[in-house]
Amino acid sequence: MPDTSEIARLFDRRPRHWGAPGDPVAWDVLRDRICAVPAPETATEFATLLRQEFTLLVGADIDDATEREFVAGGRSETVHLPTWRTILLPLLTTRARQLYGELPTERP
């Protein structure tokens with residue numbers, strides 16, 4: 001089972017493109033929230049935790065809307081839910097599956 005530092009590294013390689021200005025902020029807050037709890041035992045548990053924490057962060061289910069505002073560091077930020085639904089959460093889930101040995105590790 002990976003430890004918290006290995007889980008945090010899933011977030012190290014940031015996407016080049018974001019859907020909204022608040023997406024990078026949400027990425028960092030999500031990393032911090034996930035690393036604040038014990039590391040999941042499986043990639044499936046990681047994916048469940050990822051979705052739960054994202055929903056708690058933005059206050060809406062990922063499938064509910066197009067954009068959503070949330071507060072981070074005292075500032076209101078906007079995330080683009082379709083980007084999270086189709087790119088960012090699947091990216092993190094794939095990285096977790098690689099970390100947990102469910103998929104081959106990608107080569108640079």
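**Close-up views of a predicted model**

**View 1. Packing of helices H2 and H4.** Helix H2 (residues 23-35) and helix H4 (residues 81-99) cross at roughly 35°, and their axes come within 13 Å. Axes are lines fitted to C-alpha atoms over the helix stretch in contact, with angles between N-to-C directions running from 0 to 180 degrees; helices are DSSP runs of H or I with at least four residues, numbered from the N terminus. The model is predicted: local features need pLDDT of at least 70 and side-chain atom pairs pLDDT 80 or more, whereas totals for chains, interfaces and linings use all residues. Residues are numbered from 1 along each chain, and side-chain values use heavy atoms, without hydrogens and water. Asp23, Ala26, Trp27 and Leu30 of H2 meet H4 residues including Trp84, Leu88 and Arg95, contact being heavy atoms within 4.5 Å.

**View 2. The largest pocket.** The space in this pocket is about 230 Å³. On a 1 Å grid over the protein atoms alone, a pocket is an open set of points where a 1.4 Å probe fits, with protein on both sides within 12 Å along at least five of seven lines; lining residues have an atom within 4 Å of a point. Volume is the space filled by probe spheres set on the points, which are joined across faces, edges and corners. Of its 10 lining residues, Leu10, Arg13, Arg95, Gln98 and Leu99 are the closest to the centre. H4 contributes the most to the lining, with 3 residues.

**View 3. The aromatic pair Phe11 and Trp27.** The model has 4 aromatic pairs, defined by ring centres within 6.5 Å, using the six-membered ring of Trp. The Phe11 and Trp27 centres lie 5.4 Å apart with planes at 75°, so this pair is edge-to-face (planes over 60 degrees apart; under 30 is stacked and the rest tilted). Phe11 lies in the loop between H1 and H2, 16 residues from Trp27 in helix H2.

How values were computed
Helices (H or I, at least four residues) and strands (E, at least two) are DSSP runs, numbered from the N terminus.
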